[in-house]
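Here is a short walk through one structure. Look at its surface and its aromatic rings.

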Amino acid sequence: TGRGAAGAVVMRKYGQEYEDNINPFMEFGRRERERGYKDMRMYDRITLRGSHFLLANKYTRAFLFFYTVALHLLVFSVLWYLSLQSVNHVSTLSTEEMCSRQRLLRNAAYVFRDADADHNGLLDAREFQKALEEEATSA
């Protein structure tokens, strides 16, 4: 009886493997996967292998997740820091400096608008520099 039970265990264990090996649908699927892989371009194959490598193991998936989160946090923190620096820089400007900068930007917009009407959108850098200098001297 001990041998019969062991034989049943062996039959269950290897029986499914045997059935899978003689199953024509499994063989067809394997051949189609191989054909599709051979038809891929080199960079597609590299991408496929890389994704299989990264997603096959729970440790690499965890690393990839935390790496992505860390990169996002880094980008967000740098953008936040730069936006605070910009706000602090603007808040330290005097009212006169802010008005002067706004006037320069407004006049630059007029120069570009006039250039669009006069030159079909083409504006020479020297003309723009001259207009800015005129504005600066008139202010």
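A residue counts as buried under 20% relative accessible area, as exposed over 50%, and as partly exposed in between. Keep that scale in mind. The model shown is predicted.

Start with tyrosine 67. Its relative accessibility is 44%, so tyrosine 67 counts as partly exposed. Phenylalanine 63 reaches 56% and therefore counts as exposed.

Now turn to the rings. The structure holds two aromatic pairs. Phenylalanine 63 and tyrosine 67 make up a stacked one, with 5.8 Å from centre to centre and 20° between the planes. The other pair joins phenylalanine 65 and phenylalanine 66. Their ring centres lie 5.1 Å apart and their planes stand at 75°, so this pair is edge-to-face. Phenylalanine 66 is exposed, because its relative accessible area is 57%.

Next, step back to the surface. Phe63 and Tyr67 belong to a nonpolar patch there, and Phe53, Leu54, Leu71 and Tyr81 are also among its members. Together the patch residues have about 1100 Å² of accessible area. Which helix gives the most to the patch? It is α4, with eight residues. Helices α3 (42-55) and α4 (58-92) each supply at least two.

Phenylalanine 53 is found in helix α3. Its relative accessible area is 58%, so phenylalanine 53 is exposed.

Arginine 45 lies over the face of tyrosine 37, at 5.9 Å from the ring centre.

Technical notes:
Residues are numbered from 1 along each chain as its sequence is written. This is a predicted model: local features need pLDDT of at least 70, side-chain atom pairs count only at pLDDT 80 or more; totals for chains, interfaces and linings use all residues. Side-chain values use heavy atoms; hydrogens and water are left out. Patches are made of residues with over 30% relative accessible area and no salt bridge: like charges are joined within 9 Å, nonpolar side chains (Val, Leu, Ile, Met, Phe, Trp, Tyr) within 5 Å. Accessible areas come from the Shrake-Rupley method with a 1.4 Å probe; for residues, only the protein chains shown count as cover. A salt bridge is a side-chain nitrogen of Lys or Arg within 4 Å of a carboxyl oxygen of Asp or Glu. Helices (H or I, at least four residues) and strands (E, at least two) are DSSP runs, numbered from the N terminus. Buried means under 20% relative accessible area, exposed over 50%, partly exposed in between (1.4 Å probe, protein chains only). Rings of Phe, Tyr and Trp (its six-membered ring) pair if their centres lie within 6.5 Å; planes under 30 degrees apart count as stacked, over 60 as edge-to-face and the rest as tilted. A charge sits over a ring if NZ of Lys or CZ of Arg is within 6 Å of the ring centre and within 35 degrees of the ring normal.
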